[in-house]
Amino acid sequence: KWADISAETAGEQYTPDDVIGLIAEIIASKIQESDKLLRLYDCTCGGGNMLFGVEDRIKQKVNRYTATDGQDWNDALYALAKIESRFRAGSYIEHGNTLTDDKFYNDEFDVVVANPPYGVSWKGYQKDIVNDKTGRFKFIPSISDGQLLFMQHLISKLDSVGMGVVVHNGSTLFSGDAGSAESNIRKWMLDTDIVEAIIQLPTDEFFNTGIYTYLWVLNKNKDPQRKDKLMLINASEKFKPLKKSKGSKRKEVDEQSRLEIVET
């Protein structure tokens, strides 16, 4: 509700409900029923709406015990997520900068989700990143945008059959010339066969920006016939216009479109 009221200020921290629904449907479609605990993680969890929204929707679809772990460095948003986590079994929310102070450094997860900030410089903690000893950063991207740092961090958090969905803008796909760090990160991701699909969402989908956004679907447990293959799905026309726009958000991925995307 808060994001609807303050669409302008909700900004980066808030992933719209319809996008969370789509992410949850994609994940749920790949999860088997079992009595094994399903651990979910969001490294830039903000107020927790995506992490907890995905958990709730998975529980509706699949009979599994779930646990949620999240971290954020914004005091107020961390506090929001922390309050919510008090009402959930097995939920741990930590405060701090994931890229320099990973509070879950010993953990691996079944599912990772994130909507990291777009185009935000990491100059303030350059030294820590360059000297990072965890081995999670294979290549160091341009200082003006930390998205591919978060992407590498999330991949390092997947267990041997883990999967995830990460929301990025176009720069993760297009930035950097051949041979640059950005290009090498993409090459490394394709060489290790971790990307299952990239889904282009409609424009005007987020509260504070009209740009195209993309879902990167990561999967360490691909179907044998999908090995070394990558699906590029153009879902940019899969939406219903909103009757009343909320900030920059003028469209939503409706139920029918969601099911078609998951089916594809």
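Biologist: At the start of helix 5, which backbone nitrogen does a side-chain oxygen of Asn74 reach?

Modeller: This is a predicted model, and in it the contact lies at the start of helix 5.

Biologist: Which residues of helix 5 are buried, and why do they lie on the same side?

Modeller: An α-helix has 3.6 residues a turn, so residues three or four places apart point the same way. In helix 5, which spans residues 75-85, the buried residues cover an arc of only 80° around the axis, and this puts them on the same side of the helix. The face turned away from that buried side carries the exposed residues Asp75, Ala76 and Ile83. The buried residues are Leu77, Ala81 and Ser85.

Biologist: What kind of aromatic pair do Phe104 and Phe109 form?

Modeller: A search of the whole structure finds five aromatic pairs, and one of them joins Phe104 and Phe109, with 6.2 Å from centre to centre. Phe104 is buried at a relative accessible area of 5%, and Phe109 is buried at 0%. The planes of the two rings are 75° apart, and because an angle over 60 degrees counts as edge-to-face, the pair of Phe104 and Phe109 is edge-to-face.

Definitions and conventions. Residues are numbered from 1 along each chain as its sequence is written. This is a predicted model: local features need pLDDT of at least 70, side-chain atom pairs count only at pLDDT 80 or more; totals for chains, interfaces and linings use all residues. Side-chain values use heavy atoms; hydrogens and water are left out. Buried means under 20% relative accessible area, exposed over 50%, partly exposed in between (1.4 Å probe, protein chains only). Helices (H or I, at least four residues) and strands (E, at least two) are DSSP runs, numbered from the N terminus. The arc is that of the directions from the helix axis to the C-beta atoms. A polar contact is a pair of N or O atoms within 3.5 Å; within protein, one must be able to donate a hydrogen and the other to accept it, and residues adjacent in sequence count only if both atoms are side-chain atoms. Rings of Phe, Tyr and Trp (its six-membered ring) pair if their centres lie within 6.5 Å; planes under 30 degrees apart count as stacked, over 60 as edge-to-face and the rest as tilted.
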